[in-house]
Amino acid sequence: VSQQLKEEIRRGFAGLEDPLAGLLDMLESSSDWKGKGHSLGYYITSELKLWMKEHPAVQQSGMKLKKLQARVFRILAQCPANLFDPLISIYQLHTADRNSLLGHVSHLYQRGDYKEAAILSIKLKLQPDQDVEKMCTPLLFQDKINLMEEYVGEYPELQCKLLQILDTWCEPSFNIRDIARQYQGLSRYKPEKLNRKMLSKLVFRLLDRFNVDSALCPNVINQRHLRTLNYLFYKRFVEKTMTQENWTDHVQSTVGENRWLQGHLIQLLINYCDLNTAARWAQRCNVPQELLPYGVADELQKLKIQEREEEATKAENYEEVKKKDYYQLPIPRANIHFLQKWEEMLQCWEKVLQPGQIVAIDMEWRPSFGMVGKPRVSLLQIAVRDEVFLLDLPQLLEQAEVKGEKDKLPYFIQMLYSDAAITKLGYGMSGDLSSLAATCFALRGMDKRSQGVVDLLTVDKQVDVLSPEQSYEDRGFRQPEKGLSLLVQHVLGKPLDKTEQLSNWEKRPLREEQILYAASDAYCLLEIYEKLCKDPASFGLSSDLTESLVGKPSIKAKAKKQLNKQEVLSPSGQQCKGSDKDTSRPPAPISPKEFSVVCDNMLQGLGRYLRCLGVDVRMLENEDDHRKAAEIAREEGRVILTSGLPYQTLQSQVGEGRCFSVNCSEKAKEQALQVLKHFNVHVTLADIFSRCQ
């Protein structure tokens, strides 16, 4: 607002006998607030609020103020929400009769102005006298979730009531449509968004935000645990990627003494295993016989309480055979140190904090299975040549708290990460550091202070990978390897055994298999790094591997730098064949009209972006098999754009240079620039939107 207008408004106030009544006269006859944005009425009202601070004598009281307040209520019924604050302040509405205020809000609500009713209730702090379900339900249906959260924000009792209501709506037998029918005339009515899955996510987010005990919401907790149970059965019996001990640990902690979950567990065991196994678990969980299906109850009668020794022997033999197919830790068991006391930490400190030392770091935490919040690190693995230290982080932190030495461990970790003279190896380091920060407040911001770090996830994107035939030959793997396990396989010849990855890492004591897995997960990074440094060229990496990766203060900046190096190597290790001279010579420039591609279904954002630039794009649908891209490419002469593992399959089905792997972690714009640069596509102003209707 111009200074001239402000002065004019203030002169107007000074000339009025009763500025408060004068403002209401103006607002009652005004209709300029119908549009969007701030109206002239808003500016005048806001200016009066400021002017009154300099002229407190104009303030009214007693009956005169009550009459003015009655007029304000009528204006509030039709004015925009941005006028609420100045009008409440000028006419001291917080001092008005509470029943009158509640009546006015009720009038707005009955008229269908649910948002305005909620905003006014918040500003006048009327929530304790209102029905939380009645006020919040229409806000949910109008997708005003932020406003609903603000409504209960300062009232723990209302937060609990709201969460209990939402949890009731998550009951399997509850029909949300029955409530939705009452609000079908709503503006911005979005009933399709209000399904059980969305409500469940909302409840978990609010439990976390309001720091409320999850026992308040048994329905969503049970449903989440049931999904976890189904996932565990899939991992154990379909993927076959979990050991029996690991799986048993998780099933027991998930089901606990909950009879409803125990019933589902027994049914899943009948479906995936047999009646005997179901009966054994029923016995373990002490499920009353009358709650069991007939076949299981019958089996329980016959069941003799004894271990099947021949089964155990058979399982042990199978494990021994299986181990030969996986990476083996090359150091003796005595060189793996499990540290739970600060005194034990000193040997680790002396070994690790040496200038020139190369240290591999990994972390483990209990799988969240979709629960809210950042995971808290349960085990910190630090590997140096010939030794691995496993730090029991919860125990060490708790012990330090008791002894008043809580800064010692964070100080050691900070020293390690910030020392540029020590090379730190990791895989997906930024995720590890954020979990470390969630575990110990003193370690927040470590990612910004880190120096001398090598994230092998970044290197992994550049390593030339073997063909699927070479990788999996005679191994009989049930699942293709991925992530670090795949990198270990490419560089060291055998993948990691990941059956303990989803272990319960909080449970103590750790099983021997967990200890060996944790040590292997860290130590393999040392061996990978050593082999890549000795012969980077054979893995499609540039010879200055060490120099280019070590000593960067920012992990994110370093990752970007590595991605830029792919301009020479081409993304995700797609090294071109032929001499060095051939690889550096770019193809002849072409226009977007001459460039035809087919985008795999994980790159639909990239496809839309390229189409906007005039490129001839076809995209796979979500349900399409990746191999369909190869069919389209062959039939229509298109280049395949894909990412990750499908690249290995697809590149062998089309001609050389006709399949390109894109970095999936980049945004569509960066991906498009990468593609255009690699294929030397020159975009002009005329090309932009040339294919869009």
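**Exercise 1. Find which helix gives the largest share of the nonpolar surface patch, and describe the patch.**

Solution. Start with the helix: H13 (residues 218-238) supplies the largest share of the nonpolar patch, three residues. Helices here are DSSP runs of H or I with at least four residues, strands are runs of E with at least two, and both are numbered from the N terminus. Before going on, note that this is a predicted model, in which local features need pLDDT of at least 70 and side-chain atom pairs count only at pLDDT 80 or more, while totals for chains, interfaces and linings use all residues. Residues are numbered from 1 along each chain as its sequence is written, and side-chain values use heavy atoms, with hydrogens and water left out.

Next, list the members: the patch is formed by Tyr 231, Tyr 234, Val 238 and Tyr 272, which together have about 350 Å² of accessible area. Areas come from the Shrake-Rupley method with a 1.4 Å probe, and for residues only the protein chains shown count as cover. Patch residues have over 30% relative accessible area and no salt bridge; like charges are joined within 9 Å, and nonpolar side chains (Val, Leu, Ile, Met, Phe, Trp, Tyr) within 5 Å.

Finally, look at one member. Tyr 231 is found in helix H13 and is partly exposed, with a relative accessible area of 35%. The classes are buried (under 20% relative accessible area), exposed (over 50%) and partly exposed in between, with a 1.4 Å probe and protein chains only.

**Exercise 2. Work out the strand order of the open sheet, and find the helix that packs on it.**

Solution. First, read the order: six strands run E1-E4-E3-E2-E5-E6, with mixed pairing. Two strands pair if DSSP finds at least two bridges between them. Strand E1 (336-339) and strand E6 (453-455) are the edges, each pairing on one side only.

Now zoom in on one pair. Strands E3 (residues 379-384) and E4 (residues 387-391) are antiparallel over five bridges, and Gln 381 has Leu 390 in E4 as its bridge partner.

Contact means heavy atoms within 4.5 Å.

**Exercise 3. Compare the exposure of the two partners in the salt bridge of Glu 636 and Arg 638.**

Solution. Begin with the distance: their side chains meet at 2.6 Å, N to O. A salt bridge is a side-chain nitrogen of Lys or Arg within 4 Å of a carboxyl oxygen of Asp or Glu. Glu 636 is partly exposed at 35% relative accessibility, whereas Arg 638 is buried at 8%.

**Exercise 4. Explain why helix H9 counts as largely enclosed.**

Solution. Count first: six of the eight residues of H9 (residues 145-152) are buried, so the rest of the structure largely encloses this helix. The buried residues are Ile 145, Leu 147, Met 148, Glu 149, Tyr 151 and Val 152. Last, identify the neighbours: these buried residues pack against helices H7 (114-124), H8 (132-141), H10 (156-169) and H12 (196-210).
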